[in-house]
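Good morning, everyone, and thank you for making time for this short talk. Please have the sequence and the structure in view, and follow along as I go through the parts one by one.

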Amino acid sequence: MGLPRFGRTKNDGELSSNLYVANCGPAVGISDDDIASVFCKFGELKGVYAADESGTRVIVAYAEEGSAQAALKALHGRPCPELGGRSMHIRYSVLQPTTQDQATDLVPVSITASEVSISGLYLIHDFISAKEEEELLQAVDCRPWNSLAKRRVQHYGYEFRYDTRNVNTRHCLGELPSFVSPILERISSCPSFKNIKNIVLDQLTVNEYPPGVGLSPHIDTHSAFEDLIFSLSLSGPCIMEFRRYENGDWLPKVASSSVAKIENTEDQSNFIRRTIYLPPRSLLLLSGEARYAWHHYIPHHKIDKVNGSVIRRASRRVSFTLRKVRAGLCKCEFSQYCDSQR
């Protein structure tokens, strides 16, 4: 079963047995049980649900409309001692009918690459130590950051152009910095990876993500980079979602159930979703099918739900993405996703 979906009442004066409660939730250290212990004083509860992905807003559902009315009158806009003196902002909410395009279940989150079952996807836990992680963070923080709309970046080797989703191969920024040399050496000697001994990675993008910021679904441009793409996670965790679109195109986000195929009856397109948890100090490798045919995406969450556990995003997450700039055209077997073969 998926979570119920709620929305605003049609009229401001319309009553409901459901309340939308802002300024409380797991992202601010308040559990569903804490919330229920406060709101149950006003009547029988049917449940406490996440209102969205922020972790700071919930839906409190009552069995009776009068209970919701009493709770709103008593708690709206007033400090609540049982919740650390936090003032909640409350309004009525109504249950919305579920359509095919709405979520029915949460996608299971895999912990290992083998559970995801995408060819060419690898995840190595604890690829570096906590001390090495700290040293890498110190190294990038000593260097200038470039600010994008919602995150900061650094580029080495070649600058990645977000407007063209490509690199200018005629403008080399120089060799990769020395602080990544131990990482490159460890990658080349890692027994978990195949056919990488002769590759020379020459492009590094460092991303810094504040809480709630992720990445839109995308495939790294085929003509820009070679087969192997490595991503080292530092400082904070996140989940990464993979989407396989049969026609090769990016489509608007469609909520899904499980790891199964989703069909959109309006345009007859469909895609498959898989999700994996990326802990700090882990190294992800996208190669082959995982690199060329699956869009990867980091949801814009402040919290992630991993198999029943709520994991709060850290104050920052930093990723090192290491790639090899492509010299010629891509000749991969996934032509429907390939800009070189369209």
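This is a predicted model: local features need pLDDT of at least 70, side-chain atom pairs count only at pLDDT 80 or more; totals for chains, interfaces and linings use all residues.

I would like to begin with helix 5, residues 181–188, which lies across strand 16, strand 20 and strand 24 and runs at about 60 degrees to strand 24. Helices (H or I, at least four residues) and strands (E, at least two) are DSSP runs numbered from the N terminus, and the angles, from 0 to 180 degrees, are taken between N-to-C directions of lines fitted to C-alpha atoms, for helices over the stretch in contact.

Residues are numbered from 1 along each chain as its sequence is written, and side-chain values use heavy atoms, with hydrogens and water left out.

Now, which residues does Ile187 contact, leaving aside its neighbours within four places in sequence? With contact meaning heavy atoms within 4.5 Å, Ile187 touches Phe127, Phe193, Ile196, Leu201, Phe230, Leu283 and Leu322.

Let me turn to the sheet, which is open and has 7 strands in the order 9-20-16-24-14-11-10, with antiparallel pairing. Strand 9 (121–124) and strand 10 (146–147) stand at its edges with a single partner strand each, so one side of each is left without a neighbour in the sheet. Two strands are said to pair if DSSP finds at least two bridges between them; strand 16 is joined to strand 20 by 4 bridges, with Leu285 as the partner of Phe230, and to strand 24 by 5 bridges, with Phe320 as the partner of Leu232.

Strand 16 is largely enclosed by the rest of the structure, because 6 of its 6 residues are buried, where buried means under 20% relative accessible area, exposed over 50%, and partly exposed in between, with a 1.4 Å probe and protein chains only. Ile229, Ser231 and Ser233 point one way from this strand, whereas Phe230, Leu232 and Leu234 point the other way.

Finally, a nonpolar core is a set of buried Ala, Val, Leu, Ile, Met, Phe, Trp, Tyr and Cys residues joined through side-chain atoms within 4.5 Å. The largest one here has 29 residues, and Ile187, Phe230, Leu232 and Phe320 are among those with the most contacts inside it. Helix 4 gives the largest share of this core, 4 residues.
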